[in-house]
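This report is meant for someone meeting the structure for the first time. Please look through the sequence and the coordinates below before reading on.

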Amino acid sequence: MAQVTRTTRPTPQTVRVTLGGLEGFGGAGLDHWVKLFFPLPGEHRPVYPTGDDWWRRWGADPDAVRAVFRTYTVRRHRPEAGEIDIDFVLHGDTAPGSRWAARAKPGDQVGVWGPGAMYDPSPAADWRLIAGDETALPAMAAIIETLPAGARARVFVEVADAAEEQRFATDGDVRVEWLHRDGVPAGRSALLVDRLRAADLPDGRPYAWIAGEAAMVKALRRHLVNDRGIDRADICFSGYWRLGKTEYDE
């Protein structure tokens, strides 16, 4: 169980929630993810199963009163303080994470399960391609900010508008392109796919990390493999969410 220690607003549509009480959180990598369990209305703390078989037990009793969960990437991990930062994209009260984050205050409690991670670039890679929407931005930022001097990266980020852009401190040779939907709903834009198809990318062997809405990620991966000739082994991809679906849906 973790508790909110503070909240900030990096952008108008983003709430950064700092969770404390996680001295045992070991971290898993730069794009490490966790599942957060949110308390139901009227509850002070969430009720949820723990252990390796939590998923089976979570779904075993359809009438059980249990916390809903969603998966998030960690923006920053401070092991010495037992804290992690989670960035929530606000999109109204229809989604449990957005609803909870908009009202989060110090002392509020959530359940944390994880972490896991996928980012694992080959030492033979000449440069990195990093692409995603705002749901992937915390992991993208963590990757960018840890690039060493001389490491090259091309970064493409799709966000709602210019106000959602963020700054990164990095020693790497990084070029970031911000793509603004400007009124087009998230998950319904071809902006990122079209831009990457038209991009003049560096020569050499890349390591590609792409994440965000599942259909967008699938289209990007297909383009990189079929049109760019990038080896599948050099592409790390994850559909963080699916338009019109929750992560419980098949």
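What follows describes a predicted model, going from its strands to its helices and then to its nonpolar cores.

Strand 1, residues 2–11, and strand 6, residues 109–116, run antiparallel and are joined by two bridges, and Ala2 is found opposite Val110 of strand 6.

Helix 3 is mostly covered, with eight of its nine residues buried; among them are Leu137, Met140, Ile143 and Ile144. Helix 5 spans residues 214–227, and the 19 Å from its first C-alpha to its last is close to the 20 Å expected for its 14 residues at 1.5 Å a residue. The buried residues of helix 5 include Met216, Leu220, His223 and Leu224, and in general residues three or four places apart in an α-helix point the same way, because there are 3.6 residues a turn. At the start of helix 5, a side-chain oxygen of Glu213 comes to within 2.9 Å of the backbone nitrogen of Ala215, while just after the helix Gly229 takes a positive phi of about 70°.

Which residues of the largest nonpolar core touch the most other members? They are Ile130, Met140, Val155, Val157 and Trp209, in a core of 22 residues. Helix 3, strand 8 (152–159) and strand 10 are the elements that give two or more residues to this core, and helix 3 gives the most, with six residues. Leaving aside neighbours within four places in sequence, Trp209 is in contact with residues including Asp31, Tyr119, Ile130, Ala139, Met140, Ile143, Cys236 and Tyr240. There is also a second, separate core of 21 residues, which includes Leu19, Phe25, Tyr72 and Leu90.

Note on methods:
Residues are numbered from 1 along each chain as its sequence is written. This is a predicted model: local features need pLDDT of at least 70, side-chain atom pairs count only at pLDDT 80 or more; totals for chains, interfaces and linings use all residues. Side-chain values use heavy atoms; hydrogens and water are left out. Helices (H or I, at least four residues) and strands (E, at least two) are DSSP runs, numbered from the N terminus. The expected span of a helix is 1.5 Å times one less than its number of residues. Buried means under 20% relative accessible area, exposed over 50%, partly exposed in between (1.4 Å probe, protein chains only). A polar contact is a pair of N or O atoms within 3.5 Å; within protein, one must be able to donate a hydrogen and the other to accept it, and residues adjacent in sequence count only if both atoms are side-chain atoms. Two strands pair if DSSP finds at least two bridges between them. A nonpolar core is a set of buried Ala, Val, Leu, Ile, Met, Phe, Trp, Tyr and Cys residues joined through side-chain atoms within 4.5 Å. Contact means heavy atoms within 4.5 Å.
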